[in-house]
Amino acid sequence: MDVIRCDEPSYLIWKWHPHGSQQGENNRENAIRWGSSLRVKDGEIAVFIYNQENGTMQDFIEGPYDQILETENLPVLASIVGLAYKGETPFQAEVYFINLARVIQIPFAVPFFDLYDPRFLDFGVPTAVRGKITFNIADYIEFIKLHRLSNFDLNAFRTQIRDAVARFVKSIVANAPAEKNIPVVQIEREIPKINELVEASIRDRFEKDFGVNITAVDINSIEVDKTSEGFVQLKKVTQDVTTAIVQAQTEVNIKNLQDIQRINAENMEETMKIQREEAQYAQRKQTQGANFAAYQFEQQAAVGIAGANALGQMGVNGATEMSGGGGMNPASMMTGMAMGGVIGQNMAGMMNNMMGGVQRANLGTTSPPVIVTAYHVAVNGQATGPFDIATLTQMATSGTLTKSSLVWKQGMAGWVAAETVQELQTIFGGTVPPIPPVPPTL
C-alpha cells in the first residue's frame, strides 16, 4: 500500500507520484491503491483531481490529517471507487500538495527610468527602485482556479510576480511627485510613504490576478542618479525657487510683524487715553466727594433759583390772564411777581448761608449747623417751597400766603390750613387787610 504524503522540505506546490511509477505513464502514475494512507501536515492541503462523467472534480483535504484512504474518509470519491472499480481496483486521481504556511520572498528591481518634477518637466532625473515582496497562498481554491497545477512552475510563477511588482512600483514612483507632492530631489527620503502606496495598490490586484496574499512589500532603496544633468539642473532651479519662497515668506512675516506692532501701538494709545479719562473722572468724583457739602449746597441753590424764576414767571403769566369782566388782573400779576421775588431773595439768602457754612467748614470752624424750619405751600394745586419762617412772613405780608393756604412740613401727617399751625399764627397778626375793589366809574 502507498502512503500519500509530501516530504519536500521547501515547496509551494508539489505533485505526488505512487511508489515505483514513472512520469508520462498516466495510468500508473496516478493510480491510487485501495487502502493507502493519506498524511497531510498542518499548514498544507492535499488536492485530489479526478475525472467523472460530468467533468473534472476536485476534493480538498486540509491538514492535519493521517488516516487510511477509504470511502468513509472521502465520501465524494465513493462513487468512483464503487462504480468504476467496485472497491477492488485502483482508481486514477492526481494528488497535489499546496503549502499554505510557506512564505515566499521575491526580490524585484526597477531599472533606471526618467522621473519628472511636475513643476519642471524639462529635467528628467534617472531613478531606479529595488526591494522585495513577500506572499503566501491564502485562498487555495481561488489559486487553483487561476493556475493549472499540472503545469505549475514555481520559477515561472516567481518571474510573473516579479514583473508585475516592477510595473506597479514604477507607476507609483513615477506619479508620486505630482499626486503626492513629493519633490524629486527628496524622493529618497519618502521611501516609507511610497512603500505604503505600493503595498495598498498591489494587495487586491495580486489576490485577484494571482491568487496570492501579499504580506509585505519592502522597498530597500530608491536610487537617484545625482551625477546626471537633469538632477543638477533640477536641484539648481529648485533651490532658486526655495530661496524665492523663503524671501517672500520673510517679507510677509516682517509686514505682519509691523502691522501687529502698529495695531498694538494704536491700541496702547487708545487704552492710555481711556485710562487718562477714567483717571480724570475718578479725580473729579474724588474732589466732589471730599467737598460733598459744598457741591450739595451748590446744586440746591441752583434748583432754588430755578424754582424762584419759575414762580416769578408764573406771576407774570397770571397777570396776563383776562378777568371775568374782560380786563387785566393787576392783583394777580403783582402777587406772582412779589412771590417770585421773595422766593428768589430767600433762595439767594439760603445759598449765601450755605456757602458761608461751607467756607467756615473749610476754615476748620466747628460751629453746629443751624436748624431751619421750612414749610411747603400749595399754590394753584402745586407744592412749592420749602420756605423758612422769614420767607413765609414776607409772603403773608404780600398776601401770597393767607390763613387758609395749605401748608406742610416734614413730620406732619398731611396738608393743613396755615392758621391751624401754631408756629405760623404769629405771621398773620399784622397782616394788612385786602383793599376792596374800586367800583367802576359810570
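Me: Which residue takes a positive phi just after helix 5, and of about how many degrees?
Reply: The model is predicted. In it, the residue with a positive phi just after helix 5 is Gly 211. The phi of Gly 211 is about 70 degrees.

Me: How far apart are the end C-alpha atoms of helix 5, and what span should its 19 residues give?
Reply: Helix 5 covers residues 191-209, and at 1.5 Å a residue it should span 27 Å. That agrees with the distance between its end C-alpha atoms, which is 26 Å.

Me: Where does helix 5 bend?
Reply: The bend in helix 5 is about 30 degrees. Its position is a residue listed among the buried ones of the helix, along with Val 198 and Phe 206. The bend is at Ile 202.

Me: What covers the buried residues of helix 5?
Reply: The buried residues of helix 5 include Ile 191, Ile 194, Asn 195 and Glu 199. Their cover includes strand 11 (120-136), helix 4 (154-179) and strand 12 (213-224).

Me: Is the pair of Phe 157 and Phe 210 stacked or edge-to-face?
Reply: The ring centres of Phe 157 and Phe 210 are 6.2 Å apart, with 75 degrees between the planes. Planes over 60 degrees apart count as edge-to-face. The pair of Phe 157 and Phe 210 is therefore edge-to-face.

Me: How many residues apart in sequence are the parts that this pair ties together?
Reply: Phe 157 lies in helix 4, and Phe 210 in the loop between helix 5 and strand 12. The pair therefore ties together parts whose separation in sequence is 53 residues.

Me: Why does Phe 210 count as buried?
Reply: Buried means under 20% relative accessible area. Phe 210 counts as buried because its relative accessibility is 12%.

Note on methods. Residues numbered from 1 in each chain as written. Predicted model: local features only at pLDDT ≥ 70, side-chain atom pairs only at ≥ 80, totals over all residues. Heavy atoms only, no water. Helix = DSSP H or I, 4+ residues; strand = E, 2+ residues; numbered from the N terminus. Expected span 1.5 Å × (residues − 1). Bend = angle between axes of the 7 residues up to and from the residue. Buried < 20%, exposed > 50% of the residue type's maximum accessible area, 1.4 Å probe, protein only. Contact = heavy atoms within 4.5 Å. Phe/Tyr/Trp six-rings, centres within 6.5 Å; stacked < 30°, edge-to-face > 60°.
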